[in-house]
Amino acid sequence: MPTISATWVVAVLRLIAGVEEAAMVVPENAILIAEELTPSDTASMDRTKVLGFCTTGGGATSHVAILARSLNIPAICGIDEDVLELANGTPVILDGTRGTLRKNPSEAEVAAIRDKQAAQATKRAAELAAAFEPAVTKDGTHVEVVANIGGLDDAVDGVKLGSEGVGLLRSEFLYLERTDAPTEEEQSQIYIDIAKALGNDKTFVVRTLDVGGDKPLAYLPMPVEENPFLGIRGVRLCLAEPEILHTQVRAVLRAAPYSKLAIMFPMITSLEEVREVKRVVAEEKAALGITQDVQVGIMVEVPATAVMAEQFAREVDFFSIGTNDLTQYTLAMDRGHPKLAKQADVMHPGVLNLINMTVQGAHKHGKWVGVCGGIASDPMAIPLLLGIGVDELSASVPTIPAIKALVRTLDKAECQKLAAEILQLGTAAEVRARLSQLVD
């Protein structure tokens, strides 16, 4: 049974504080408890010993929570602070799906969990066996299930798990944690390598550089901003630094001969921004002599963009809804805030109605809509998203077989009835209660 290791907790907290620490000794079958973890802490966990973790900071849409999903690590972010008082060696059961941590479970509870784990393993094996079957609902609607990736390895893993392409390449992985900007050649090589790994028949959506806010570039000094999440980030930074934008667009376009390429711009809030980035793409495409079709789309992360979806749909080829940022901007709650993050719930009816507005506006002009935020990897949310009319689900790589299998069990018409009902509800708790009725 998973247990808590006080030694491991202390070591992680000291590393966060910048204190030198000897090599950490991690016991077998450990559940890690900490106030906060950095993405590098999470990525470097010894998965042979650490079975899961809980943090009192952050929430379901924090960067650490997203990374945990991509690594298939059970986790709860934003759990009550009293868990920090649990003694080393306390037996616990961590349920990452429901966000619960039970201490000192009875033998009967442990046996029930073991049975559930065995059943899940059987189900997972069946999902893997059918991973390359298309995600088509029982009444014949195909939903494209693609991968959120951070590099070539993720792309390769996604293909192995039945991904129909890439719905989000976080291209900032090429820029962060280095002292100088990546060259055009460096960039184009990785884009081409990913495109070749996918093949000409698969979608490849590259999000242009999305930094600023909580992701600064060491080699691009910027003035301190009082509200960095409301400042120079995403496309705003790229338009302010046109050399960065032009270089990246040229590098991305060189991958066009090798896949169904699409370029996606983050943090779009105005038609002027759309028209400028489209001009840059057209200019560089002509300069390179690229003849392949390259779609140009935008992220929907700001309420204004969702409200104006119909106007934007006249100008772009597709939308991808970044529900993590859309939630924090709609609710005015920082998704990493130690006190508020757990309230920044994507199931808030205000957020869901903005998703619906986006889909309705796009479909009026025949444009497709994907969702690349954390909600696309949440089985509870899939019937709702299908009912709203989302065309593409861009999920964390490990979840792809399960998401495709779930889609094949659903009826689109029934999902539409469900969505119509849920969009009338008044609280996130009511939405979750209704959706939980559909989940084991």
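The model is predicted, so local features need pLDDT of at least 70 and side-chain atom pairs count only at pLDDT 80 or more, whereas totals for chains, interfaces and linings use all residues. Residues are numbered from 1 along each chain as its sequence is written, and side-chain values use heavy atoms, with hydrogens and water left out. Helices (H or I, at least four residues) and strands (E, at least two) are DSSP runs, numbered from the N terminus.

**Helix packing**

- The axes of helix H5 (residues 152-160) and helix H6 (residues 184-198) come within 9 Å and cross at roughly 5°, where axes are lines fitted to C-alpha atoms, for helices over the stretch in contact, and angles run from 0 to 180 degrees between N-to-C directions.
- H5 and H6 are therefore roughly parallel to each other, on a scale in which angles under 35 degrees count as roughly parallel, over 145 as roughly antiparallel, 65 to 115 as roughly perpendicular and the rest as oblique.
- From H5, the residues Leu152, Ala155, Val156 and Val159 make the contact with Ile190, Asp193, Ile194, Ala197 and Leu198 of H6, contact meaning heavy atoms within 4.5 Å.
- The contact of H5 with H6 comprises eight nonpolar, no polar and one charged residues, with Ala, Val, Leu, Ile, Met, Phe, Trp, Tyr, Cys and Pro counted as nonpolar, Asp, Glu, Lys and Arg as charged, and the others, Gly among them, as polar.
- For helix H8 (residues 242-253) and helix H9 (residues 271-288), the axes come within 9 Å and cross at roughly 55°, which makes H8 oblique to H9.
- The crossing of H8 past H9 is right-handed; a crossing is right-handed if the near helix is turned clockwise from the far one by less than a right angle, and left-handed if anticlockwise.
- On the H8 side Leu245, His246, Val249, Arg250 and Leu253 take part, and they meet Arg279, Val280, Val281, Glu283, Glu284, Lys285 and Leu288 in H9, a set that divides into six nonpolar, one polar and five charged residues.
- Helix H4 (residues 107-129) packs against helix H15 (residues 400-409) at an angle of about 85°, with their axes 9 Å apart, and this makes H4 roughly perpendicular to H15.
- Arg124, Glu127 and Leu128 of H4 form this contact with Pro401, Ala402 and Ala405 of H15, and by class the contact has four nonpolar, no polar and two charged residues.

- Helix H12 (residues 323-331) is mostly covered, with eight of its nine residues buried, where buried means under 20% relative accessible area, exposed over 50% and partly exposed in between (1.4 Å probe, protein chains only).
- The buried residues of H12 are Thr323, Asn324, Asp325, Leu326, Thr327, Gln328, Tyr329 and Leu331.
- Alanine 332 follows H12 and has a positive phi, near 55°; alanine 332 lies in the loop between H12 and H13 and counts as exposed at 67% relative accessibility.
- Helix H13 (residues 349-363) has 15 residues and reaches 21 Å from its first C-alpha to its last, close to the 21 Å expected at 1.5 Å a residue, the expected span being 1.5 Å times one less than the number of residues.
- Buried residues in H13 include Val351, Leu352, Leu354, Ile355, Val359 and Ala362, as well as Asn356 and Thr358.

**Individual buried residues**

- Glycine 165, in strand E8 (residues 165-170), counts as buried at 0% relative accessibility.
- Leaving aside neighbours within four places in sequence, glycine 165 is in contact with Val146, Ala147, Leu198, Lys202 and Thr203.
- The C-alpha atoms of glycine 165 and alanine 155 are separated by 8.2 Å, the two residues being ten apart along the chain.
- Threonine 305, in helix H10 (residues 303-307), is buried with a relative accessible area of 0%, and, not counting residues up to four places away in sequence, threonine 305 touches Ile268, Thr269, Ile298, Met299, Val300 and Phe312.

**Partly exposed loop residues**

- Asparagine 29, in the loop between helix H1 (6-16) and strand E2 (30-34), has a positive phi near 55° and is partly exposed, with a relative accessible area of 36%.
- Glutamate 225, in the loop between strand E9 (203-207) and helix H7 (235-240), is partly exposed with a relative accessible area of 25%.
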